[in-house]
Amino acid sequence: MTPNGTAAKPRTIVDKIWDSHVVSQQPGAPALIFIDLHLCHEVTSPQAFSTLRQRGLKVRRPDLTIATMDHSTPTTSRDLPIADATGAAQIAQMEKNCAEFGVRLYNRMSDHQGIVHIIGPEQGLTQPGMTIVCGDSHTATHGAFGALAFGIGTSQVGHVLASQCLLQTPSKTYEIRVDGQLRPGVSAKDIILAVIAKIGIGGGTGCVFEYTGPAIRALSMEERMTVCNMSIEGGARAGLVAPDDTTYQYLAGREFAPKGAEWDAAVARWKQLPTDQGAPYARRLVLDAGVLEPMVTFGTNPGMGIPISGMIPTPSAATDPIERSDLEKALKYMALEPGKPLAGHPVDVVFIGSCTNSRISDLRAAAAVMKGRKVNSKVRMLVVPGSQQVRKQAIEEGLDRIFRTAGAEFREAGCSMCLAMNGDQLEPGQYSVSTSNRNFEGRQGKGGRTFLASPLTAAASAIAGAVADPRTLA
Amino acid sequence: MKIDSIESKTIVIPIENIDTDQIIPARYLKTTSMDGLGDALFFDWRYNADGSLKPDFPLNQPGATGAQILVAGDNFGCGSSREHAPWALLQFGVRAVISTSFADIFRGNSLKNGLLPVIVPPDIHAELLHWPGLMLKIDLASQTVTLPGGRSVEFPIDSFAKQCLLNGVDELGYMLQQEAAIAAYEARRVGSINTLQ
């Protein structure tokens with residue numbers, strides 16, 4: 001009940017986070033909302049720091065700002081210099097900017113360095129109910145904790161640095177409910193690839209996804225991060241999962257998580273976040289996890305995905321002429337024949353990494369498949385931990401030895417082959433099975449061709465030397 | 001970055017879901033400035049491996065010279081949040097993009113740089129895709145696109161963004177004027193604001 005005695009309007013978790021972050025609402029203007037955590041990296045921040053410098057502004061809340069290096073940072077040994085002069089200059093500029101403006105930086109040599117969306121959760125910086133932004137579209141990853149987290153451009157990076165706020169209009173909430181239970185060999189990555197294949201890459205434009213249902217509740221925090229991570233591939237700037245005991249258990253004791261009485265108070269607040277019964281969703285999609293198979297993409301956007309036992313679609317079957325020509329264009333780029341299975345298609349490179357699938361559970365899943373097996377002699381396999389902490393853990397567990405013995409490379413932390421700007425990339429014409437998030441033309445290297453899949457599918461494909469169903473390797 | 005009206009012929013790229021990796025590939029984002037991005041616009045679609053222009057790509061055709069309006073397929077600007085995409089388009093000379101929808105982050109980034117994202121109904125869009133080089137007039141104040149014969153169609157735009165573009169309002173300046181409200185929020189905030197210190 002509200003103070004005047006009327007029943008409070010039921011709200012979604014998105015409404016609740018929004019309402020508690022409105023700083024001011026001027027007539028005729030978007031709301032000014034407060035940002036609790038701002039993550040920065042070397043690629044989308046330099047021009048924002050330049051703006052601050054030109055205007056004589058400071059970083060308003062360095063205590064809510066954290067920086068790392070991941071995108072243009074090579075995954076080669078840290079005792080070697082950076083071979084690429086432009087990348088090296090960008091990394092040096094990041095050091096300079098953070099020192100000048102008093103921003104905490106986990107640089108290349110730090111044992112806290114890693115992909116920006118891996119280190120926030122692992123250090124307990126990412127917490128339920130927060131607003132979190134970063135100049136990166138995969139910021140939705142942090143939504144796994146019940147935070148409203150979204151990517152912004154460099155102008156807005158400057159706005160947040162200078163004011164700790166953003167001008168925003170509210171988004172609609174789109175419920176993605178996943179019922180049932182995943183079958184063995186099917187993972188969180190397959191859920192999100194199936195969602196995107198269903199709604200298309202523009203399907204969530206203007207919306208925030210809230211993932212609900214028993215199959216989502218059953219996921220670990222790391223698996224929820226994989227799902228939320230690819231919300232942008234469904235067109236939504238943000239995607240989140242309401243916090244529960246799984247969330248609190250993951251967070252408890254992490255470096256920046258509240259401690260003692262503050263922890264108890266925080267958990268009490270977080271328990272108020274889940275969507276109220278009867279709160280209206282703008283849209284809803286219901287999916288049954290029990291019928292899902294491992295998913296793999298065949299085309300040049302993440303919506304072009306099929307179950308691994310499926311066939312490559314036939315453009316002539318598309319009714320819309322633009323859709324038909326886009327499909328033709330995609331298959332031409334990928335050099336694939338319509339109507340044929342994708343399973344069994346030869347691959348040159350397998351990449352396990354990126355902010356989608358480079359956490360310890362991803363490496364464990366891949367290692368379980370690789371153990372006692374060999375990477376196919378025609379395949380180059382890269383395993384790239386998402387952070388130095390993940391890397392350390394993997395070494396402690398002996399996963400690095402499993403990968404190396406199998407014939408894979410086990411590299412330093414970074415974005416690596418997700419986006420071909422740090423030295424790790426495909427050669428023209430090569431095919432990869434990749435656990436990353438985008439299969440756009442040239443994304444992994446000019447002329448490279450990407451099949452997106454889960455760590456299990458990627459590991460099975462590395463052994464087979466071709467796109468392979470992990471369920472056949474039991 | 002003031003805009004009132006744009007009068008130009010169009011360049012047409014009749015492809016849906018053009019992502020920002022196509023608009024500017026990641027390897028051109030290693031810069032710390034905004035210089036030279038126009039040269040990298042649509043790089044892999046625009047140039048052959050030997051650096052020569054691909055003659056059949058719309059930006060390379062004779063009619064494209066000086067054109068300020070790009071017409072493209074649905075869901076333009078999806079994918080990466082890189083603001084280098086609108087920067088590259090503007091540096092090439094594009095001042096407005098017409099489509100049936102835009103990805104959220106790209107649309108926001110464009111408005112902050114004076115690149116106008118114009119959404120038109122599917123029937124008009126189909127005509128514009130079919131006739132490259134049409135001379136169009138886009139008027140921001142009346143939110144209209146006018147075709148050569150005088151037929152015009154309205155387009156939606158966020159009213160605040162419109163005022164900022166028409167009057168050249170500096171958005172960061174506007175935000176910083178609200179310093180008192182920001183400080184008041186920090187003081188009244190229920191629950192701690194997490195700090196790194």
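Between which two elements of chain A is Ala335(A) found? Ala335(A) is found in the loop between helix H11 and strand S15 (349-352) of chain A; helices (H or I, at least four residues) and strands (E, at least two) are DSSP runs, numbered from the N terminus. This is a predicted model, in which local features need pLDDT of at least 70, side-chain atom pairs count only at pLDDT 80 or more, and totals for chains, interfaces and linings use all residues. Residues are numbered from 1 along each chain as its sequence is written, while chains are lettered from A and ligands numbered from 1 in the order in which they are written.

**Confidence**

- The predictor gives the complex an ipTM of 0.96 and a pTM of 0.97.
- Chain B averages a pLDDT of 95, and 96% of the residues score at least 70; pLDDT is the predictor's confidence in each residue, from 0 to 100.
- Where pLDDT is low, the predicted coordinates should not be read in detail.

**Chain A overall**

- Chain A has 15 helices and 19 strands. Its radius of gyration is 22 Å, close to the 23 Å that the globule rule gives for 474 residues, so chain A is as compact as a globular protein of that length. The radius is taken over C-alpha atoms, and the globule rule is 2.2 Å times the number of residues to the power 0.38.
- The C-alpha trace of chain A spans about 65 × 50 × 45 Å along its principal axes.
- Of the 474 residues of chain A, 60% count as buried. A residue is buried if 20 or more other C-beta atoms lie within 10 Å of its own, exposed if 12 or fewer, and partly exposed in between, with C-beta atoms placed from the backbone.
- Among contacts in chain A between residues at least 6 apart in sequence, 77% join residues at least 24 apart. Two residues are in contact if their C-beta atoms, placed from the backbone, lie within 7 Å.

**Chain B overall**

- Chain B has nine helices and seven strands, and its C-alpha trace spans about 60 × 45 × 25 Å along the principal axes.
- Of the 197 residues of chain B, 44% count as buried.
- Residues 24 or more positions apart make up 67% of the chain B contacts with a separation of 6 or more.

**Interface between the chains**

- On chain A, 61 residues are in contact with 49 residues of chain B.
- Elements of chain A that each supply at least two residues of the side touching chain B include strand S1 (22-24), strand S2 (31-34), helix H5 (154-163), strand S8 (165-168) and helix H11 (321-334). The largest share, six residues, comes from H5(A).
- The residues on this side of chain A divide into 22 nonpolar, 27 polar and 12 charged. Ala, Val, Leu, Ile, Met, Phe, Trp, Tyr, Cys and Pro count as nonpolar, Asp, Glu, Lys and Arg as charged, and the others, Gly among them, as polar.
- Helix H9 (residues 179-188) of chain B lies across S1, S2 and S8 of chain A and runs at about 140° to S1(A). Axes are lines fitted to C-alpha atoms, for helices over the stretch in contact, and angles run from 0 to 180 degrees between N-to-C directions.

**The sheet S1-S2-S8 of chain A**

- Three strands of chain A form an open sheet in the order S1-S2-S8, with antiparallel pairing; two strands pair if DSSP finds at least two bridges between them.
- S1 and S8 of chain A stand at the edges with a single partner strand each, so one side of each is left without a neighbour in the sheet. The twist averages 45° from one strand to the next.
- Four bridges join S2(A) to S8(A). In S8(A), Gln168(A) is the bridge partner of Ala31(A), and Cys165(A) is that of Phe34(A).
- Cys165(A) and Leu167(A) point one way from S8(A), Leu166(A) and Gln168(A) point the other way, and all are buried.

**Loop residues of chain A**

- Pro315(A) lies in the loop between strand S14 (305-307) and H11 of chain A, and counts as partly exposed with 17 C-beta neighbours inside 10 Å.
- Leaving aside neighbours within four places in sequence, Pro315(A) is in contact with Arg324(A), Leu327(A), Glu328(A), Leu331(A) and Pro338(A).
- Ala335(A) has a positive phi of about 50° although it is not a glycine; with 10 C-beta neighbours inside 10 Å, Ala335(A) counts as exposed.
- Ser354(A), in the loop between S15 and helix H12 (360-370) of chain A, has a positive phi near 85°. Ser354(A) is buried, with 27 other C-beta atoms within 10 Å.
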